[in-house]
Amino acid sequence: MTYGGSDRPTKNERREAAREKARQLRDQQRKRERRNKFLIQGGVIVAVVAIAALIGTLIWQNIQPEGPGPRNMASDGILYDVGMTPVETVALQPDEEPTATVPDESGTVANIVTYVDYLCPFCGQFETTNGDQIRTMVESGAATIEIHPVAILTNRSAGSQYSLRAANAAGCVADASPEQFYDYNALLFANQPEEGTTGLSNDELKALAADAGVTSLSSIEQCIDDTEFKSWVQDATNRFLSEPIPNSDIETQQRGTPTVVVNGKQYTGSLTDPAEFASFVLQATADTYTEATATPTPEPDDE
């Protein structure tokens, strides 16, 4: 801009204009600083609240009191009687010892018991090989099946605790929809993740429950999200690793999954040969029948 004649500002006017400009710049700077300070403080507060909420959740998960175990698993496992009918039981209370299942000792029924970890690849092999034929045995009245979910591989899923979450989900289904547990068990193995991965998410575990056709889906979903049976899973796993297996003489040393027991005898054969397992079931049942029908040798007459 140019000035002509008396329109040209004086030295004092230029100085005052410069001062006013400087004042305006200082005011703008202070406003920016206040705004930035407010944003920073707000961000810090939001971050602190989020961290506090996360810490609170973790603390709650770790110190929450033990609740009861799943219904229908008073033995730490769910039993399907002949005809594929789940046996209903009350929930196992905290610090209460499991009630061992009373086996059929007639020698006409195979009492099949499995201990499985849903991340264990060998468990997956056994289920893929024998799941359908075990169902057929039970439906026909030739066998019963009792399944015990455990979580010995909890630390092998990249921090997601998949074994524990999957065993808890199985407990949720046993508790609210026992008729569909066997199908859910099969789906967990059909969709089994590899060791070292994070495994299935809770949403995926819930989706499999829906695929299994469970009843009370909403309560099962909440149970999965809350890891409701976490304490029970941990207790059942510890019992599996450290205590005798009921109705058998299996030692606790080097116990792993799958542990498969038929009429008190441990199956140690092929996990991928259904004929070998079927033969073992027949032999174990025949041995029980022989023991049940054996005639005692008469005592000699002393006279």
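Predicted model: local features only at pLDDT ≥ 70, side-chain atom pairs only at ≥ 80, totals over all residues.

Me: How are the rings of Tyr 115 and Phe 240 arranged, in terms of centre distance and plane angle?

Reply: They form a stacked aromatic pair, with 5.0 Å centre to centre and 20° between the planes.

Me: And which parts of the chain does that pair tie together?

Reply: Tyr 115 sits in strand 3 and Phe 240 in helix 7 (residues 230–242), so the pair connects parts that are 125 residues apart in sequence.

Me: What lies over the face of Phe 240?

Reply: That would be Arg 255, at 5.5 Å from the ring centre.

Me: How many aromatic pairs turn up in the whole structure?

Reply: A search finds six. Another of interest is Tyr 267 with Phe 277: the ring centres are 5.1 Å apart and the planes stand at 75°, so this pair is edge-to-face. Tyr 267 lies in the loop between strand 6 and helix 8 (274–293), while Phe 277 is in helix 8, 10 residues apart.

Me: Are Tyr 267 and Phe 277 buried or exposed?

Reply: Both are buried. They also belong to one aromatic cluster, together with Phe 126 and Phe 280.

Me: Which residues touch the most other members of the largest nonpolar core?

Reply: Ile 112 and Ile 145 again, along with Phe 181, Tyr 184 and Phe 277; this core has 56 residues. Helix 3 supplies the largest share of it, nine residues.

Me: What is Ile 145 in contact with, leaving aside neighbours within four places in sequence?

Reply: Its contacts include Ile 78, Leu 79, Tyr 80, Met 84, Ile 134, Val 138 and Tyr 182. Ile 112 and Thr 114 are also among them. There is a second, separate core too, of seven residues, including Val 113, Phe 240, Ile 245 and Val 261.

Me: Now the cysteines. How many disulfides does the structure hold?

Reply: One. Cys 172 and Cys 223 form it, with their sulfur atoms 2.0 Å apart. The angle about the S-S bond is -80°, and the link is left-handed.

Me: Where do Cys 172 and Cys 223 lie in the chain?

Reply: They link distant parts: Cys 172 is in helix 3 (residues 162–176) and Cys 223 in helix 6 (residues 217–226), 51 residues apart.

Me: Why does Cys 172 count as buried?

Reply: Because its relative accessibility is 1%, and the cut-off for buried is under 20%. Cys 223 is buried as well, with a relative accessible area of 4%.

Me: And what about Cys 120 and Cys 123, buried or exposed?

Reply: Cys 120 is buried, at a relative accessible area of 3%. Cys 123 also counts as buried, with 1% relative accessibility.

Definitions and conventions: Residues numbered from 1 in each chain as written. Heavy atoms only, no water. Disulfide = S-S within 2.5 Å. Helix = DSSP H or I, 4+ residues; strand = E, 2+ residues; numbered from the N terminus. Buried < 20%, exposed > 50% of the residue type's maximum accessible area, 1.4 Å probe, protein only. Core = buried A, V, L, I, M, F, W, Y, C linked by side-chain atoms within 4.5 Å. Contact = heavy atoms within 4.5 Å. Phe/Tyr/Trp six-rings, centres within 6.5 Å; stacked < 30°, edge-to-face > 60°. Lys NZ or Arg CZ within 6 Å of the ring centre and 35° of its normal.
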